[in-house]
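The structure is shown first, and the description follows.

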Amino acid sequence: MSTSANQRSRKTLACTGEATAYQKAFGQELRRRVVDEQEPFAIAQADTPHEIFHAMDIPIVSNQWWSAYISAKQLSGRYFDAMVEKGYPANSCKYCSLGLACTLAKDPASAPWGGLPRPTVLVARLTCDCIQHVFGLWARELDTEFFAMEAPAWEHKEADWFRHSHDQWERVYQPDRIAHMVAEMRDLISLLEQRTGRRFDEAKFHHLMERINEQEGYIWEAAQAIGAARPSPVSIADQMPNTMIPQWHRGSDWAVAHARKFRDEVLERIAQGGGAGSNEKLRLMWIGAGVWHDPGFYQALEERMGAVFVWSMYMPFAGPAYIRELQGRPMEALASRIASMNETLHLPPWMSGWMRAEAERCGIDAAVILLPPDNRLSQSGTKLTAAALEEAGIPVLMIGADMVDANIWDHDRMVGMVAGFLQDRVAA
Amino acid sequence: MIAIAGPDIPRELLIASGRDAGPVRFDPDRAPGRAADWLESKFAPWAMPVLDAWAEGAYDGLEAVLFSRSDDTSQRLYYYLCELQRLGRIAGPEPLLLDSARIPRPASLARTVERLRVLVQRLGIADAALEAAIARTNAERGAGPAADDRPACLLTGTAPPDGRLHAVIADAGFRPVGQTLAEAWCDRGAPVAEGSGDPVAALGRWMHERPDGPRGFRDPVASLAAGIAQAQARAVVLWRVEEDEAQCWHLPQERAALAQAGVPALVLTRRDWRGRDGAGAEIAGFLQGIAA
């Protein structure tokens with residue numbers, strides 16, 4: 001049984017509330033467009049080229065955002081139970097399947113928006129063994145098409161990829177992989193043009209890519225400042241929404257302006273000497289997706305132990321994973337952004353190399369790694385990353401829990417586990 | 001010599017190069033050693049003993065081991081091995097990865113052929129040798145199983161580590177039909193086009209069109225029905241392990257298909273790959289019930 005406290009997180013910056021308010025309004029607008037107006041739309045994984053949809057003004061529902069939305073409404077347990085009742089194994093991968101579970105439950109009374117209407121297409125990269133099956137089933141349930149994208153093998157390995165990804169992206173991400181990704185994106189554009197009647201405008205796309213670079217540059221600047229500041233001006237409770245919400249809208253006027261505002265507020269807070277916690281003693285790193293059903297978890301030990309989660313992947317990822325010198329080839333630059341988004345977070349040497357460097361950059365005292373029991377992709381690379389961090393003198397705690405499944409989460413037990421770990425391995 | 005550790009790898013490659021060592025050998029029942037420090041729990045269970053054997057030098061006599069992107073554990077293990085070698089934690093043969101793009105679109109076919117061509121060049125295989133290997137394996141494909149009057153029992157789902165479940169089926173008086181893991185990795189499937197003038201493209205097409213497995217695009221229910229028909233099965237054991245992340249998504253449809261087929265079926269899911277959970281006894285009991 002879940003004993004998730006679902007405590008709200010405490011936000012420090014004014015812009016954080018503005019971001020969540022914008023997203024709430026956007027959710028209502030998206031609902032109006034796809035449910036009320038029945039505009040064509042897509043369901044897309046987070047690691048697919050959203051830029052193409054943005055450039056074509058085709059609304060997208062990100063599977064991860066939708067999962068987090070369902071999870072935040074404390075509905076994940078209900079839908080996973082419904083999926084098991086329909087004969088699916090209880091140990092199936094949770095993160096990518098919550099949307100499918102919601103659809104399978106066929107319960108418009110409880111489902112957000114009354115459930116998703118029929119999308120024009122579902123899009124996912126095949127980064128694991130389950131995704132093509134989940135999206136294939138989901139497409140069938142929604143009576144629509146699934147456009148799968150390859151996750152091509154990556155044989156060129158640079159552990160310090162993050163130092164070169166913005167301008168040496170062709171070498172880092174392997175030219176043949178980029179070329180393949182471009183071919184797939186051209187296929188996707190053709191399909192979208194046929195299905196929606198909307199056109200892909202190269203000039204608009206080029207401008208969008210430039211704006212995304214500007215936006216992610218602000219986020220990266222703020223990430224650099226947070227890593228260097230003592231105390232950390234904000235915890236990940238402020239970092240995540242101010243990074244992710246603009247990223248869902250990347251390149252839009254609002255997203256660029258908001259990223260700039262976020263950076264400015266962070267710098268201002270640093271100048272004033274303000275900290276996320278009133279008494280920062282321990283700087284913690286969170287490795288893994290956010291625990292969306294219990295955001296208060298991250299701040300539970302700030303006052304008691306001075307333990308502040310100053311790092312999660314979302315914000316610092318903005319620099320190396322998103323910023324791309326266009327070099328007159330925006331489609332190839334986008335391909336290099338998309339081709340390895342997942343791999344760099346879940347496979348050695350990219351994951352371990354980056355996270356160790358980030359821990360050192362940010363003066364991390366200890367790391368907590370999420371280890372979802374039923375998700376190979378999310379588990380991947382965690383032990384080698386833990387070893388790399390320990391080798392660098394950073395104690396690591398691995399916790400078995402799931403980012404969206406509240407059924408196996410116990411707030412008090414998890415907080416107690418982290419507190420015990422910090423007492424035993426760090427504070428002692 | 002080069003061994004394989006994954007599915008959908010055309011053996012013609014290694015035969016043509018004169019370096020075919022077959023599937024990598026390992027003891028599925030060994031207790032986890034150092035590999036448990038590196039690998040997470042959700043990997044397919046063969047990965048742990050392979051990594052342990054690798055770390056102990058069991059494969060040092062091999063030149064390389066070829067992994068496959070057709071299987072998630074196979075491709076992830078490749079990255080782990082490369083990293084562990086880079087860090088100096090292990091030695092052993094060179095890990096290689098054959099990219100296999102299976103999406104039924106021309107771009108994926110082109111990708112598969114291109115990457116296969118890179119590997120062929122790297123292994124120094126001439127077209128003539130590849131063409132000869134294709135002819136040889138096609139001839140072997142024609143050889144059917146020996147005549148057997150026993151009623152067939154289709155063992156499907158996860159490929160077991162060896163013949164331990166097959167033996168249970170045979171002991172119950174049935175003819176087991178189903179592949180072990182090594183057999184699945186070596187499965188020849190459909191014939192490869194001969195005399196095409198481009199044997200690499202022919203093999204690439206064979207890879208791209210492989211219908212089944214976690215990355216295959218054939219309807220799994222259709223695959224199950226075809227398996228039952230081809231084996232003329234009088235019984236079906238659908239057995240899947242705890243670590244399966246792919247085919248388990250089709251379980252409701254498979255149950256419905258089995259009910260519709262009218263063939264007695266035993267469905268065992270989330271099971272122990274080594275069979276330490278009593279699966280053998282359950283299968284024996286099921287088949288004895290049918291025989292009675």
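## The parallel sheet of chain A

Strand S7 (residues 366-370) of chain A pairs with S8(A) in the parallel sense over 4 bridges; two strands pair if DSSP finds at least two bridges between them. Within this pairing, Ala367(A) stands opposite Val396(A) of S8(A). Helices (H or I, at least four residues) and strands (E, at least two) are DSSP runs, numbered from the N terminus. The model is predicted: local features need pLDDT of at least 70 and side-chain atom pairs count only at pLDDT 80 or more, whereas totals for chains, interfaces and linings use all residues. Residues are numbered from 1 along each chain as its sequence is written, and chains are lettered from A and ligands numbered from 1 in the order in which they are written.

An open sheet of 4 strands is formed in chain A, in the order S6-S5-S7-S8 and with parallel pairing. Strand S6 (307-312) and strand S8 (396-399) of chain A are the edge strands, each pairing on one side only. From one strand to the next, the twist averages 25 degrees.

## Helices packed on the sheet

Helix H10 (residues 236-248) of chain A packs on the sheet and touches strand S5 (282-287) and S6 of chain A; its direction makes about 25 degrees with that of S6(A). Contact between two residues requires their C-beta atoms, placed from the backbone, to lie within 7 Å. Axes are lines fitted to C-alpha atoms, for helices over the stretch in contact, and angles run from 0 to 180 degrees between N-to-C directions.

Helix H18 (residues 382-391) of chain A also packs on the sheet, touching S5, S7 and S8 of chain A, and its direction makes about 160 degrees with that of S8(A).

## The contact between chains A and B

The contact takes 36 residues from chain A and 38 residues from chain B. On the side of chain A that touches chain B, helix H6 (131-141), H8, helix H17 (376-379) and H18 of chain A each supply at least two residues. H8(A) gives the largest share of that side, 5 residues.

## A helix pair across the contact

Helix H8 (residues 175-196) of chain A packs against helix H4 (residues 106-123) of chain B at an angle of about 165 degrees, with the axes 10 Å apart. H8(A) and H4(B) are therefore roughly antiparallel to each other (angles over 145 degrees count as such). Asp176(A), His180(A), Ala183(A), Glu184(A) and Asp187(A) of H8(A) make the contact with Ala107(B), Arg111(B) and Glu114(B) of H4(B).

Methods:
Angles under 35 degrees count as roughly parallel, over 145 as roughly antiparallel, 65 to 115 as roughly perpendicular and the rest as oblique.
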